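Subject: Structure handover

Hello,

Here is the structure for your files. Please open it alongside this email, and read the notes below with it in view.

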Amino acid sequence: MIDLVGYGAFFLTIALSYAIIALGLNVQWGQTGLFNVGVAGFVAIGAYVSGLLTTPDATGRIGGFGLPILVGWLAAILAGALLAYAVGWLTIRLRADYLAITTFGFAVTVQLAALNLESLTGGPFGMSFIPRPFASAAGDPVRFGLLNLGLVALVLLVAYFVVEHLTASPWGRVLRAIREDEPAAVSLGKSAARFRLQAFAVGGALMALGGAVQAHFIGFIAPDNYLPLLTFQVWTMLIVGGSGNNRGAIAGSVVVWALWAVSASVIGQVMPAGEQARGASLQIVLIGVALCVILLLRPRGLIGERRTVSRHVAGARRGERSGTMVATGRETPTP
Amino acid sequence: MNAQALIDGLIAGAMIGLGAIGVTLTYSILRFANFAHGEFIAWGAYFALALVSTLGVGMDPIGPFSFGWMLIVAAVLAALLTGGLAVLLDRLLFASFRSRGSATIIMVIASFGASMALRALLEFVFTSKPVYFTRELQIAVRLGGGMRATPDQLLMLAVTAVLVLGVHLLLTRSAIGRQMRAVSENPTLARLAGVDVRRVIRWVWFLGGSLAASAGVMSGLLVQIRPYMGFDLLLPLFAAAILGGIGSVPGAILGGLIVGLCESFAVELIGAEWRAAVGFVVLTLVLLLRPQGILGQVAR
């Protein structure tokens, strides 16, 4: 029973840290239609920045500044936002899939830097002794697990309310207006590129925060944690949960992480010991096929985006004007 | 600076260019960035490997080369099979997105999922251990100026040149080539003019898949075969296609050669561990300085 609680807390903590990342992706893709194939890169940036600032002084690498965890997390948010802004600035005026290709290259490069900049990142051996929240309670696994779960849930909750607030705000309406009908939004005086860049930066910040939270929970990071597989998992979480819906992003994270954990343990039991690596690749095949099937059969995902209707129209239920999202952009103060 | 880097870069660039032709064609005609294209490279190499090792005849090296006639047969069959695989993938996945008019970016996500699945399937069947077509040793030929190349490498450069010329003639001189260009310019108009757009799309996938497979067999012969061989080339492929100008076959091969040369000079000057970042740097510079590419047209 104790084991079960401990495992449950561990499982949920990881799942909820993915949910923070998926929320970030939802701001970029679900709300704004920006395709980021470099999620792993932004997550890695957050983890490494926070790790570098908060670890105790380490021999053989720069830093280990021993700062408080909160400072690390805030720095991760800042670094994620700045880098996302820079990557976005490069491509956002160009074709939509140039952004995809560039983010893909960004993630490859970040992973390579984590591997090669040994004096900064610890290279292939990674960075250890990342301080864990509530380390003093580590003697009691259940208490430690529950405290950490509570903390990650709290961070997720804050992130959720911030994103919900942003989504419902005039800013969020402009984003959706741009996504649905860019010429119409532009003709109302909205700078599409500027709004997209801001959304991309907010998303990058959340991904980096998720990466930092994860790194501090595990206490150890290495370049191998940030392969394209991570990007792929987060995408599957968002698509399964329903892109465009923040609650969908969270539900998708828990469901996909559960499926991932269950399929890993099933494959671990079915496949003989020597064939475990093969089993792991079978797992990826299954999830890859599942993603394609969901895109084909149920593109809305589990929950899906709420139909956006202006509050004023929804109250009156006049029908013909409902669903005209672009019209709601009129209420927006010009930025 | 070592003149050898020039030869190494040209050879690596030729492989990238062959793959980039497929990327640029799918991109300009189907209008989306296909993240699964790298997998055709790996599948081509593994198809050829499976054929060579199951048939097991004709393995004795021909002349100065390290492989027997069986590999040539296997390479042709692998190109056909991979072309078929590409058409099948389109049929199963992308065709249904097209028919319901999904946003192109949905197809990009689907191609990302397909890429993961295809690669993991190779890992499942063949494991991730690198394998080789041949274990023969080759003596490099002196080319003068301090440059050397093995007979295999020189042959691959020649084969690439022939393939590129063939594709260029196909696109400029044949009926299907003209139709491809017509669809790339304006699909609706092409359909009105009586072009069978679905047939054109099948051809594009087949051509892209088989060219990728040839690149895969060559790079498998010159380097090694592993499930990630195509995925690791994906960034250089995109960089080459965008650098050359989307939709331009000469541009793709030129872009491939430039990316290959940049990689090999970077290895020389900075170190081999940074090789994979070169594609990103080239891509960033192109997007900053000339987003339409060297031979591309401005804003379509």
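This is a predicted model: local features need pLDDT of at least 70, side-chain atom pairs count only at pLDDT 80 or more; totals for chains, interfaces and linings use all residues.

Residues are numbered from 1 along each chain as its sequence is written, and chains are lettered from A and ligands numbered from 1 in the order in which they are written.

Confidence

The predictor gives the complex an ipTM of 0.86 and a pTM of 0.87. For single residues the score is pLDDT (the predictor's confidence in each residue, from 0 to 100). Chain A has a mean pLDDT of 84, with 90% of its residues at 70 or more. Chain B has a mean of 88, and 98% of its residues reach 70 or more. Within chain A, confidence is highest in helix 2 (residues 39-54), at 94, and lowest in helix 14 (residues 325-328), at a mean of 37. Over residues 314-335 of chain A, pLDDT stays under 50. The model has 35 contacts beyond four places in sequence for that stretch, a contact being two residues whose C-beta atoms, placed from the backbone, lie within 7 Å.

Chain A

Chain A has 14 helices and 0 strands; both are DSSP runs numbered from the N terminus (helices: H or I, at least four residues; strands: E, at least two). Its radius of gyration is 21 Å, which agrees with the value near 20 Å that a compact globule of 335 residues would have. That radius is taken over C-alpha atoms, and the globule rule is 2.2 Å times the number of residues to the power 0.38. The C-alpha atoms of chain A fill a box of roughly 60 × 45 × 35 Å along the principal axes. Of the contacts in chain A between residues at least 6 apart in sequence, 76% join residues at least 24 apart.

Buried residues make up 48% of the 335 residues in chain A. A residue is buried if 20 or more other C-beta atoms lie within 10 Å of its own, exposed if 12 or fewer, and partly exposed in between, with C-beta atoms placed from the backbone.

Core and contact between chains

The largest nonpolar core has 203 residues, and those with the most contacts inside it are A:Val43, A:Ala208, A:Leu209 and B:Phe238. Such a core is a set of buried Ala, Val, Leu, Ile, Met, Phe, Trp, Tyr and Cys residues joined through C-beta atoms within 7 Å. Leaving out residues up to four places away in sequence, A:Leu209 touches several residues, among them A:Ile20, A:Trp73 and A:Ala159.

The contact between the chains takes 33 residues from chain B and 33 residues from chain A. On the side of chain B that touches chain A, helix 4 of chain B gives the largest share, 14 residues.

Chain B

How many residues of helix 9 of chain B are buried? The count is 11 of the 11 residues (234-244), so this helix is largely enclosed by the rest of the structure. B:Phe238 is one of its buried residues. Its cover includes helix 4 (96-116) of chain A, and helix 1 (3-30) and helix 10 (249-269) are among the helices of chain B that contribute. Just after helix 9 of chain B, B:Gly245 takes a positive phi of about 105°.

B:Phe94 lies in helix 3 of chain B. B:Phe94 is buried, with 23 other C-beta atoms within 10 Å.

Regards
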